[in-house]
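Hi there,

Here is the structure I promised to pass on. Have a look at it first, and then read my notes below.

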Amino acid sequence: MDKKKITNIEVKKTNRNGVFRYICKHGTVSNPDISYNMKISLPTATQITKELIAQGLLEEKGELQSTGGRRAKALSAVANAKLAVGLDITQNHITLVLTNIVGEILKYERIHQPFVPDAVYYQKVSERLETFLDEGGADRDTVLGMGISFPGIIDPDKELITDSHALAVESVPFDSVSAFFSYPCFFLNDANAGAYAEGFHDEEAESFFYLSLSNTVGGAIFSRNELIQGKNFRCGEVGHMTVVMDGESCYCGKRGCLDAYCAAWHLSEAADGKLEQFFRLLDRGEAEAAKIWDSYTDYLAIAVNNIHMVLDCDIVLGGYVGSCMGAHLQELWDKVAKRNTFGEKEPYVKSCNYKVAAAALGAALKVIETFVSQI
Ligand SMILES: [Zn+2]
């Protein structure tokens with residue numbers, strides 16, 4: 001008896017979640033739309049939308065154009081009913097994003113703030129965040145929480161950032177960071193957060209690998225609306241995949257890692273540390289830039305081919321390089337295609353959709369998703 005009761009509650013909850021996600025994705029819809037597309041009865045759809053209206057998450061916006069018969073009520077999500085903040089921490093910058101329940105970016109800011117693992121740093125970040133929210137006119141009562149993207153291994157079971165080579169810290173308890181903020185905090189690895197932002201809005205995205213090419217190289221597997229974590233939460237750490245036996249030194253202490261060849265600074269250091277400038281030089285056909293890009297894409301093509309052979313899925317290039325490379329993706333694809341044993345013609349390497357703030361947005365969207373899954 002109890003079992004049946006729980007099952008019915010679960011079914012209702014799943015339906016409610018599903019309906020709300022459907023409305024968030026499709027904008028303005030009607031109860032008959034929901035019923036038809038989600039294969040639930042019209043009375044069930046009507047009951048669920050009534051409950052969501054009562055919760056303040058949904059509103060009626062007049063009537064939809066009739067295609068015969070009675071006009072249906074137009075329903076859409078109250079986009080700003082709930083908000084979430086994303087914070088991306090890197091070695092030299094912080095990025096802040098304010099998003100709403102449908103995943104729109106309401107405000108974005110990237111500022112120079114070198115990371116220091118002490119209270120003064122977190123206090124400064126917290127103050128900056130409050131100013132950011134004030135400027136964005138965010139009603140604090142609607143802020144569900146904040147997602148923190150960190151360039152390190154995140155262990156949600158132990159509630160610990162186990163290590164971050166990039167920031168030179170290890171064993172950082174979540175609560176030693178969250179103590180500085182007034183909102184519930186959710187922690188995500190930076191590549192996972194970037195992948196989550198890419199997957200959140202992409203209905204077609206069955207599964208893909210997100211290759212983050214910033215000043216460190218990372219990656220994440222997004223599959224069926226979830227991130228694959230791995231036994232030690234290190235799934236997708238391809239920056240430390242060996243591409244050259246006993247090759248160049250990596251910051252991790254080993255040799256020949258992908259990071260030692262494909263971190264973004266390999267390109268930007270040829271252009272006064274400015275990656276956009278590097279691609280401008282490349283666009284102009286400067287010989288030195290072309291030589292560096294040729295070498296860079298040689299190694300990147302090896303990595304992309306290896307990842308694709310293991311996972312047989314699309315590879316989305318993110319991070320600084322994935323965001324800036326533009327039409328130069330073609331040169332990489334040509335090299336990848338040559339390496340492909342199966343002669344696959346359909347390009348499976350793509351640039352990311354989110355060129356800025358992907359990790360901060362992804363972290364914030366994880367907060368939204370946690371809320372939506374509990375509606
Ligand atoms: Zn390494």
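Strand E7 is joined to strand E8 (residues 160–164) by 3 bridges, and the two run antiparallel; strands here are DSSP runs (E, at least two residues) and helices likewise (H or I, at least four), numbered from the N terminus. Within this pairing, Ile153 sits opposite Asp163 in E8. Two strands count as paired if DSSP finds at least two bridges between them.

One caveat before going further: this is a predicted model, where local features need pLDDT of at least 70 and side-chain atom pairs count only at pLDDT 80 or more, while totals for chains, interfaces and linings use all residues. Residues are numbered from 1 along each chain as its sequence is written.

E7 and E8 belong to an open antiparallel sheet of 3 strands in the order E7-E8-E9. Strands E7 (153–155) and E9 (169–173) are at the edges with a single partner strand each, so one side of each has no neighbour in the sheet.

Now to the core. The largest nonpolar core has 100 residues, with Leu87 and Ala364 making the most contacts inside it. (Such a core is a set of buried Ala, Val, Leu, Ile, Met, Phe, Trp, Tyr and Cys residues joined through C-beta atoms within 7 Å; buried means 20 or more other C-beta atoms within 10 Å of the residue's own, with C-beta atoms placed from the backbone.) Helix H13 (residues 358–372) gives the most to this core, with 9 residues.

Overall, the protein chain has 13 helices and 15 strands, and 38% of its 375 residues are buried.

Best wishes

Conventions: A residue is buried if 20 or more other C-beta atoms lie within 10 Å of its own, exposed if 12 or fewer, and partly exposed in between; C-beta atoms are placed from the backbone.
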